[in-house]
Amino acid sequence: MEYYDDTYPTVKEQKAFEKNIFNKTHRTDSEIALLEGLTVVYKSNIDLFFYVIGSSHENELMLMAVLNCLFDSLSQMLRKNVERRALLENMEGLFLAVDEIVDGGVILESDPQQVVHRVALRGDDVPLTEQTVTQVRHLLPSIHSLLFTLQDPLVY
């Protein structure tokens with residue numbers, strides 16, 4: 001999990017925030033929540049929870065567009081098998097998809113077909129295992145906060 005501002009400066013505060021979000025959302029059927037002055041849109045599927053978080057001033061439809069694009073892109077890339085094990089085996093694709101969807105909090109793409117196409121092109125470049133730490137670090141999400149959790153409040 002990456003934090004791109006100082007809203008939660010310590011690891012302890014970050015973990016408490018992540019646990020709070022999970023506890024407030026994992027048993028509900030809604031798709032949006034307001035929590036600690038933030039707009040949280042989320043989606044669950046089998047054993048995964050996907051979160052996109054923005055300030056309370058963010059348009060929740062735009063946040064939902066990012067979330068839907070990410071989920072639909074992953075669904076296509078994983079052949080509709082969006083579950084924990086498949087995602088863990090394809091983390092490179094997740095990072096590439098997020099990189100194609102947003103950059104520095106700016107939405108670049110909201111069409112899952114385009115994201116999947118671009119990820120396929122970029123995935124043919126250099127395998128993740130052959131990249132340097134700096135190259136891999138560049139693949140990490142660059143939205144204000146993008147969380148996904150694997151059936152527990154800890155975010156990886």
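**Notebook: hairpins and rings**

I began with a loop: Glu36 lies in the stretch between strands S1 and S2. Helices (H or I, at least four residues) and strands (E, at least two) are DSSP runs, numbered from the N terminus. Before going on, I noted that this is a predicted model, where local features need pLDDT of at least 70 and side-chain atom pairs count only at pLDDT 80 or more, while totals for chains, interfaces and linings use all residues. I also noted that residues are numbered from 1 along each chain as its sequence is written, and that side-chain values use heavy atoms, with hydrogens and water left out.

**Entry 1**

I looked up the backbone of Glu36 and found a phi near 50°, a positive value in a residue other than glycine. Is Glu36 buried or exposed, or in between? At 45% relative accessibility, Glu36 counts as partly exposed. My cut-offs were these: buried is under 20% relative accessible area, exposed is over 50%, and partly exposed is in between (1.4 Å probe, protein chains only).

Next I checked the strands around this loop. S1 (residues 32-35) and S2 pair in the antiparallel sense over four bridges; two strands pair if DSSP finds at least two bridges between them. Ile32 has Val41 in S2 as its bridge partner. The hairpin of S1 and S2 has two residues between the strands.

I moved on to Ile46, in the loop between S2 and S3. Phi of Ile46 is near 55°, again positive in a residue other than glycine. Ile46 counts as exposed, at 71% relative accessibility.

S2 (residues 38-45) and S3 run antiparallel, joined by eight bridges. I found Thr39 opposite Gly54 in S3. This hairpin, too, has two residues between its strands.

Why is S3 largely enclosed by the rest of the structure? Seven of the eight residues of S3 (residues 48-55) are buried, so the strand is largely enclosed.

**Entry 1: the rings**

How many aromatic pairs does the structure hold? I found five. Rings of Phe, Tyr and Trp (its six-membered ring) pair if their centres lie within 6.5 Å; planes under 30 degrees apart count as stacked, over 60 as edge-to-face and the rest as tilted. Tyr8 and Phe17 have ring centres 4.3 Å apart and planes at 25°, so this pair is stacked. Both Tyr8 and Phe17 are buried.

For Tyr42 and Tyr51, the centres are 5.9 Å apart and the planes at 35°, so I wrote this pair down as tilted. Tyr42 is buried at 4% relative accessibility, and Tyr51 is buried at 2%. Ring pairs link Phe22, Tyr42, Phe49 and Tyr51 into a cluster.
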